[in-house]
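Subject: Structure handover

Hello,

Here is the structure I promised to pass on. Please open it alongside this email; my notes follow below.

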Amino acid sequence: IFRFQHLHCILSQILYKLNGSIIIFTDTKKGADNLSYFLYSLKFRSCAIHGNKKQFQRQSAIQNFTNGHIPILIATDVASRGLDFPNVNYVINYDLPKNLEDYIHRIGRTGRMGQQGTAISLINETNKPIIRKLYQFFKSQNQQIPPWFDEMYYNELNEEKIKKFTKNNNNNNNYPIYNNKPTYNTNMNML
């Protein structure tokens, strides 16, 4: 429960600073509904779409989002492919997807047709399956990587090396540590 309260608090702080149309992605249908109820309690106009909604509910939500009556659409990956939203200002990954392909499809909902857009992802230790690929993707796209994400990436590398080493050496205490951390630019901006 604490994790969700903490994430809800972080998300609400982000939303109070944003203007424009926003798609928030969650992993589960229940998560989308719960987040919609939470945002409603804070007076944010939002709606949720996912596979358990009736077709008319999904169509109504999409129409209200597209015409600007409801600025926040909360969705599972049902909205990451096949639906065209031409003027999405922000995509927020409330739950980070498990693979890079889904991440790319999600963030592709913003910045379409030459428009500018911003993708924001809430990342924590439970996202280990995608951290390495996400980090490498950012590097390949020449994206600025904040120090906390560098640290998370290198910690993940170290944990994996330690697991492999202990498996192969029967708990020998000479752990190999990945020490090629980059030098941080202390002037980096973090969201």
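**Two exposed loop residues**

Asparagine 142 is exposed, with a relative accessible area of 71%. Keep in mind that this is a predicted model. Asparagine 142 sits in the loop between H5 and helix H6 (147–169). Its phi is positive, near 55°, in a residue other than glycine. Most residues other than glycine have a negative phi.

Lysine 43 also has a positive phi, about 75°, and is not a glycine. Look for lysine 43 in the loop between H2 and S2. Its relative accessibility is 73%, so lysine 43 counts as exposed.

**The sheet**

The sheet is open and has 5 strands. Their order is S2-S3-S1-S4-S5, and the pairing is parallel. Strand S2 (46–49) and S5 are the edge strands, each pairing on one side only. On average, neighbouring strands are turned by 20° against each other, direction ignored.

Cysteine 47 stands opposite leucine 73 in S3.

H2 lies across S1, S2 and S3 and runs at about 175° to S2. H4 lies across S1, S4 and S5, running at about 150° to S4.

**Helix H4**

Which residues of H4 are buried? They are Asp102, Tyr103, Arg106 and Ile107. These residues cover an arc of only 125° around the axis, so they lie on the same side of H4. Their cover includes S1, S4, S5 and helix H5 (128–140).

The N-terminal end of H4 is capped by asparagine 99. A side-chain oxygen of asparagine 99 lies 3.3 Å from the backbone nitrogen of glutamate 101.

**Threonine 110**

Is threonine 110 buried or exposed? Its relative accessibility is 10%, and buried means under 20%, so threonine 110 counts as buried.

The side chain of threonine 110 has polar partners in the backbone. One of its polar atoms lies 2.7 Å from the backbone oxygen of valine 88. The backbone oxygen of asparagine 89 lies 3.2 Å from a polar atom of the threonine 110 side chain. Leaving out residues up to four places away in sequence, threonine 110 touches Val88, Asn89, Tyr90, Val91, Gly117 and Thr118.

**The nonpolar cores**

In soluble globular proteins, nonpolar side chains tend to be buried together. The largest nonpolar core here has 19 residues. Leu15, Ile24, Leu39 and Ile92 touch the most other members. The elements that give two or more residues to this core are helix H1 (2–17), strand S1 (22–25), helix H2 (29–41), strand S3 (72–75) and strand S4 (90–93). H1 gives the most, with 4 residues.

What does isoleucine 92 touch? Its contacts are Leu11, Ile14, Leu15, Leu18, Ile22, Ile23, Ile24, Phe25 and Ile120, not counting residues up to four places away in sequence.

A second, separate core has 16 residues. Tyr103, Ile131, Tyr135 and Phe137 are among them. Tyr103 is also one of the buried residues of H4.

Best wishes

Technical notes. Residues numbered from 1 in each chain as written. Predicted model: local features only at pLDDT ≥ 70, side-chain atom pairs only at ≥ 80, totals over all residues. Heavy atoms only, no water. Core = buried A, V, L, I, M, F, W, Y, C linked by side-chain atoms within 4.5 Å. Buried < 20%, exposed > 50% of the residue type's maximum accessible area, 1.4 Å probe, protein only. Contact = heavy atoms within 4.5 Å. Polar contact = N/O pair within 3.5 Å; in protein donor to acceptor, adjacent residues only side chain to side chain. Arc of directions from axis to C-beta. Pairing = 2+ DSSP bridges. Axes fitted to C-alpha atoms, helices over the stretch in contact; angles between N-to-C directions.
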